[in-house]
Each structure stands twice: as C-alpha cells, then as structure tokens.
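Please walk through the model shown here, one chain at a time. The text takes up domains and annotated spans in turn.

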Amino acid sequence: MTGRPFSLDQTLNTLAAWLLALLWILPLVYAVWTAIHPGAYEARFVLTAPLTADNFIAAWNAAPFARYFLNTFLLVTLILAGQFLLCTLAAYAFARFRFPGRSILFTLVLLQLLVMPDILIVENYKTMRLLDLVDTIPAIALPYIASGFGIFLLRQTFLTIPRELDEAARIEGASILGILWRVYIPLAKPTYLAYGLVSVSHHWNNFLWPLIVTNSEETRPVTVGLSIFSAIDSGIEWSVINAATLMTTAPLLIAFLLFQRQFVQSFMRAGIK
Amino acid sequence: MTSHRSVRFRRDWIHGWLLLLPAMVFLFAFTHIPAITTIINSFYSTPRGRREAKFLGLTNYERLLDDAVFWKVLGNNLWFALGTIPVSVALAIVMALWVNDKMAGRGFLRMAFFTPTVLPLIAVANIWLFFYTPGFGLIDQLTSALFGWSSVNWLGDPATALNAVIVVTVWKEAGFFMIFYLAALQAIPVTLTEAARIEGASRWTIFWRITFPLMMPTTLFVSINAVINSFRLVDHIFILTDGGPDNASSLLLFYIYETAFRFWETGYGATLTVVLLLLLSLMAIGQFFLFDRRVHYK
C-alpha cells in the first residue's frame, strides 16, 4: 500500500498527465496574460511586461456590463427558485404517491432529457410572442423552470428516504406539505446543492435562447452582452475583449476555484443518479 | 375496510395530481406542445404580416430534399459528432484514470481539466478566436516558429473551419465527461484490481478486462449526453465562424436559427426542427439497443 517503488510507467504517466493539463489550462492562462498587460504585449511574452488594469476599465466602460450582470443574476435566481419549487413538488408526487397516469407522466418528464427547450426555439419564440413576453427576463427563464433533469434527480433522492420517517411525521399530525418541508427537503440538501450548482452554471452560460428572445440592454444576460461587445468590428483590442471575457466569467470561475471540491462532487452526484 | 382504503387511494390520486400540476403545465407549455406544433407547422407556410399560414402539404419537405445547404449542414453535423464524441470520451477516460491515480499534483490536474466546463461557450470561443487568428494568433506563431509553416486561416478556410470548431468543443467537453468517469472509477472495488495485480495482470489488461467493462453504464450515459450535445452546442459558432465560410462550419441547430431568426422563415424552420427531433430520437433508440447488450450492470 505505501510508496510504490519508482517505476518508469508511473513517471511517464505523470509526465503525460502534466503535459495535457498544461495544454488544457493554456488558453485560460493566455487570456489572463493579455487581459492584465497592455495591448503591445498581446503576443510578446516577457516577464517584465508591465501590469495594467486598463483593459478591464476600458471593457467595463465600453458596454453596460453592470446591467448585464444584474440581468444574469436575476435570470439565474428566477430559474433556480422556479426549478426548486416545481421540481420538488413533482418529485415528491412521483416518489411517494400512487395515482393513475404516473408512469406515463414520468416518461414524459424523462423525454425532456432528450427533447430540450434549447432545440424548440422556433415554437417557443412564438409562444413568448403570444404571451407578450418577448424581451423580458421571465421569457428567458420560463422554458427551463420545469426541468426534467431536476425532477428526476430529486425523485431518485426522495426514493432513498425511508417511509417510516414520513409515517412518524404523519402520526404527529404533519400535513402532506409539512412532511415534504420537514422530512424530505432537509434530507435532500446535498442534492439541492448539487443541482443548484449545475443549474446556475448552466444558465449563467446559456446563450442561444437568450440571444433570440431578448433585444435590449435591459434584458440581455452577460453571455449575449459579451457576444455583442466582441462582435463589433470597430477594432476593439484583443486585450480588451479578453478582459471582458474574463470579467463575465469571473464570478463563476472564482466560485469554482474556491469550492472546487463541491463543484466536482456536485457534477458527479448530478450525473450518476 | 375496503371503502376506507379506496378513500385513501382517491386522496392519494388528488394529492399526486395537484403536486404535479405546476410542473406539468410548464413542461407541456414549453416542451411537449411545442414539439407537436413543430410537426404541425412543418406542413404550413410561414405567416407573413396579415397573410396567415397556408397548408402546403409536403412542400416544405420537398424543399428540404432539394436544399443543398441542408445536406451540407447535416453532413457537417455528422462529422462534428464523429469528431467530438470519440475523442472527448477517450480523453475523458484517460483524464479520469490519471486524476484517480495517486499522482503528484492531482488537485491541479483535476482543476486544469475541469475548468473549461465552467466557462461559457461564448467566452471560450472568444479566447480561441485569438488563437486561430491568421499570422498573429498563437497557433500560427507556434507553427511558424517550430516548423516554419506559413500563416493559415484556420477559421476562414472551408477545409479547416469545422475541424477548428471541433477542437474547441473537445477542449470544452472532455473535462465534463471526466467527472462521470471519475465517479465510476471510485465505485469500482479496489479489491478487484488489487487481486488482478497480484495475479500479475498488467495495467493495460486490468483496464480492458476490469475497469472498462465496469464503466460501461457510464460510457452509455456519457455518449448519450455527447450525442445530444453535438446537436445542441452551437454557441461558439456564432463567435468563431458564424457558420461560414460558405456554410462549411454550420450545424443543424445553427441553420435552424438562421432560417427562423435571420430570414424569418419559421415554417421551413419548423421542418428543419422536425429533422433534428427525428435524429435525436433515432439516435437515442439506436444507442440504447446497441449498448444494452454490452453494458455490465453490477
């Protein structure tokens, strides 16, 4: 068990792993390099290159990023709150109640893992126009609120909770929603955390649907804002674009670096269930 | 006794339905009903101004068959799937094996592999766009310094544009799939591999005879995900190539976007979406049957 003897095999593997890892991280390191140095050092890698925050300041002033951040924050919060509420209720129904149509409805839920709202952009846009919601933040959020993935994940967790616990709560006089609130939700906390992280990072990064359904500064999330900012062919310097790119990903990236273990475990938990 | 029971059952029904109601309303409104209206609208013309949509029968589908861009985009998507899925899955397995090993600096390794997963595809594309810039970009600088190649317009040349997009996608996805393999590896009992090692089996044999077969459910899960992603991920195309040059790097969903939201031909857009829906269902069914026999369940 302790300290395997030196082996060529092991050394070569370690070497290869490190090479690949460095290659993998290179694009990001490079983006950081251009963002914190003046434009003249975009492709000149000298250790003595002067550091600067000008690129970030220029990017921040060139587009309404504060507003974009606010929009993304509102969007992600709205989606997460909606998902938690709807998926919890639905998962509880599937896990603990018997009723006609249960298996058909569950199949329909699972079907959403395949046919996602992401693909149905043409029809969903029509729906939003019908509801007069085009160019609003709820329009970006609504198609994702009933998440098949979320329902499935929570149902699997609820199924592992022993029935004796809710019998006990029932004897104490707890209502159905009371049991859900006092027994199921507290015991499923790790699943909520995992699902929350996956959902937030997914919707922070989402692009196509927000691009379609928004058309003003007041509703655009950062991803759409960033694409508009960098698509302007007015000769914005690379260093400024990279600064903007890092800026928009920073909250997620910092959160990830701080809570790396939780992130990885959450994605794992969300995947294997 | 029996009446008591049936009351309990009835109450269960009502509770179940009520709990499900909100989720089902949203699920139907934004997934199932649009999927069905997509199919219906694919037989209609695009409504314009005051002119309502007209029933066209199979006209949209005839147009589809004659549409050279559609076939090109379909071919691109196939090539995109073939180019991204096997490579990113293989890389994911290798990464997971490494990170699972007691290797020096595995915290850093895991971070390096996983970080692209957290970044928005749009941001990723911005970073890579600079790499690909002809003459000035990092890749050209490297190839000219190392091999003396002249500058290549990776994204502007129809021969390389799609492959350049594939590279970015693999970079983004491999670390994500790694996580699932990592979870699978940690679920394999150590005694199994230890026993094999004592018997004198090589790492290679252990991998192919024990580890890989036991990870089959994960491979099934990951490849279904990868197939769906290969039809769903088009964000980076907006930044990198905008589908060009001459649709060389356009994918099906991107073409749907162009048709419906740049040319505002929603009728034909619906027809294209039907193809996408069909492809996804076919592949899910096919993959399930193909893998089902070979998957080892514990």
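What follows describes a predicted model, beginning with the domains of chain A and ending with the annotated spans of chain B.

Chain A is split into two domains: domain 1 runs over residues 8-52, and domain 2 over residues 63-272. Taken over C-alpha atoms, the centres of domain 1 of chain A and domain 2 of chain A are 33 Å apart. Contact between them involves 7 residues of domain 1 of chain A and 7 residues of domain 2 of chain A. On the domain 1 side, the touching residues comprise 3 nonpolar, 3 polar and 1 charged.

The UniProt record, an unreviewed entry, carries the annotation "transmembrane region" for residues 15-33, 69-92, 104-125, 137-155 and 240-259 of chain A. Two of these spans can be checked against the model. Residues 137-155 of chain A are 89% helix and 0% strand, with 29 Å between the end C-alpha atoms.

How much of the span 20-44 of chain B is helix, and how far apart are its end C-alpha atoms? The span is 88% helix with 0% strand, and the separation is 34 Å. Residues 78-99 of chain B, in turn, are 100% helix and 0% strand, and 31 Å lie between the end C-alpha atoms.

How values were computed. Residues numbered from 1 in each chain as written. Chains lettered and ligands numbered in written order. Predicted model: local features only at pLDDT ≥ 70, side-chain atom pairs only at ≥ 80, totals over all residues. Helix = DSSP H or I, 4+ residues; strand = E, 2+ residues; numbered from the N terminus. Domains from an automatic or database assignment. Contact = placed C-beta atoms within 7 Å. Nonpolar A, V, L, I, M, F, W, Y, C, P; charged D, E, K, R; others polar. UniProt positions renumbered as here; feature names shortened; annotations may be inferred.
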